[in-house]
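Me: I'd like to learn how to read a sheet and its side chains. Can you walk me through this one?

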Amino acid sequence: MIRRKDELTKVVGPIEGGKGNITRELLIEGDELKNQAKVFAKLSVPVGGSVGLHEHNKDYEVYYILSGKGEVLDGDKIVEVNEGDVVYAINTKHYIENIGDEELVFLAVIINL
């Protein structure tokens, strides 16, 4: 199956109490994921923006950084992430913030446990 760019649902606004208006392009969602995952999306975080601190207990989240520079909470450490890095959060609190001078763009998938 193919979903064309003009068919994607786009949502703009804050996420999990974070800063700024995050653009989410929902690539695949809902029933299309056969209850194996909740959503597969592309997120664009403006300079200084963030996805706020949140936790996954019944699922887990994976980010693949496409471009830009960010920081994430990794356990009890704050760590810088860049293009090509993979971030995953299972039963832990996490956030991601754009600390660069351009948009932070990444793919995100929330997978059911």
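Me: Which residue in E8 does Val 62 stand opposite?

Reply: Val 62 faces Tyr 88 in E8. This is a predicted model, where local features need pLDDT of at least 70, side-chain atom pairs count only at pLDDT 80 or more, and totals for chains, interfaces and linings use all residues. Residues are numbered from 1 along each chain as its sequence is written, and side-chain values use heavy atoms, with hydrogens and water left out. E5 and E8 run antiparallel and are joined by 5 bridges; strands are DSSP runs (E, at least two residues), numbered from the N terminus, and two of them pair if DSSP finds at least two bridges between them.

Me: In what order do the strands of the open sheet come?

Reply: The 6 strands go E1-E2-E3-E10-E5-E8, with antiparallel pairing. E1 (9–13) and E8 (86–90) are the edge strands, each pairing on one side only.

Me: Which residues of E8 sit on the covered face, and which on the uncovered one?

Reply: In a regular strand, side chains alternate between the two faces of the sheet. In E8, Val 87 and Ala 89 make up the covered face, while Val 86, Tyr 88 and Ile 90 make up the uncovered one.

Me: How is the aromatic pair of Tyr 63 and Phe 106 arranged?

Reply: A ring pair is described by the distance of the centres and the angle of the planes. Rings of Phe, Tyr and Trp (its six-membered ring) pair if their centres lie within 6.5 Å; planes under 30 degrees apart are stacked, over 60 edge-to-face, the rest tilted. Tyr 63 and Phe 106 are tilted, at 4.5 Å centre to centre and 50 degrees between the planes. Tyr 63 lies in E5 and Phe 106 in E10, so the pair ties together parts 43 residues apart in sequence.

Key:
Helix = DSSP H or I, 4+ residues; strand = E, 2+ residues; numbered from the N terminus. Buried < 20%, exposed > 50% of the residue type's maximum accessible area, 1.4 Å probe, protein only.
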